[in-house]
Amino acid sequence: QVQVVESGGGLVQPGGSLTLSCAASGSIISIYAMGWYRQAPGKQRELVATISSGNVTNYEDSVKDRFTISRDDAKNMVSLQMNSLKPEDSAVYYCTMYVYESQYTGDIWGQGTQVTVSS
């Protein structure tokens, strides 16, 4: 059974940095797109960043020039480097991957990791 697990969330002061990581496990044949979404209390889940199998990246406007998404296909991992964090970046961050696996092809989501930006 394929699953993804996020790590790296926590509490950070405004202006600080955090790196989120997400690793997929299972009988994975290949992973196409990978991405990060976030959901703040009382708000809908929103896209933060995506990266294609060809390393084409896409960012939500408010995180451009502050966040960097990257992938390591050898490890089935995706990371999100977050710099110059703002209180409005506080949310639960979810990793998602579109996988081709022996018994499943489609999106898989992690359980989420909390990021809190506060002084």
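A salt bridge is a side-chain nitrogen of Lys or Arg within 4 Å of a carboxyl oxygen of Asp or Glu. The exercises below apply this and related terms to a predicted model, in which local features need pLDDT of at least 70 and side-chain atom pairs count only at pLDDT 80 or more, while totals for chains, interfaces and linings use all residues. Residues are numbered from 1 along each chain as its sequence is written, and side-chain values use heavy atoms, with hydrogens and water left out.

**Exercise 1. The salt-bridge network**

Trace the salt bridges that link Arg-38, Glu-46, Arg-66 and Asp-89 within their network.

Solution. 

Step 1. The structure holds six salt bridges. A network of them links Arg-38, Glu-46, Glu-60, Arg-66 and Asp-89. Side chains of opposite charge can pair when their charged atoms come close.

Step 2. Begin with Glu-46, whose salt bridge to Arg-38 has its closest N and O atoms 2.7 Å apart. Buried means under 20% relative accessible area, exposed over 50%, and partly exposed in between (1.4 Å probe, protein chains only). Glu-46 therefore counts as partly exposed at 31%, whereas Arg-38, at 5%, is buried.

Step 3. Proceed from Arg-38 to Asp-89: these two form a salt bridge with the closest N and O atoms 3.0 Å apart. This pair links distant parts of the chain, 51 residues apart, with Arg-38 in strand β4 and Asp-89 in the loop between β8 (77–82) and β9. Strands (E, at least two residues) are DSSP runs, numbered from the N terminus. Both Arg-38 and Asp-89 are buried.

Step 4. Finish with Asp-89 and Arg-66, a salt bridge whose closest N and O atoms are 2.8 Å apart. The pair again joins distant parts of the chain, 23 residues apart, with Arg-66 in the loop between β6 (57–59) and β7 (67–72). Arg-66 is buried, as is Asp-89.

**Exercise 2. A buried charge**

Solution. 

Step 1. Glu-101 is found in strand β9.

Step 2. Not counting residues up to four places away in sequence, Glu-101 touches Val-2, Ser-27, Ile-28 and Ile-29.

**Exercise 3. The surroundings of Ser-90**

Identify the backbone atoms that the side chain of Ser-90 reaches.

Solution. 

Step 1. Ser-90 is found in the loop between β8 and β9.

Step 2. A polar atom of the Ser-90 side chain lies 2.9 Å from the backbone oxygen of Pro-87. The Ser-90 side chain reaches the backbone nitrogen of Val-117 at 2.8 Å.

Step 3. Leaving aside neighbours within four places in sequence, Ser-90 is in contact with Ala-40, Val-115, Thr-116 and Val-117.

Conventions
Helices (H or I, at least four residues) and strands (E, at least two) are DSSP runs, numbered from the N terminus. Contact means heavy atoms within 4.5 Å. A polar contact is a pair of N or O atoms within 3.5 Å; within protein, one must be able to donate a hydrogen and the other to accept it, and residues adjacent in sequence count only if both atoms are side-chain atoms.
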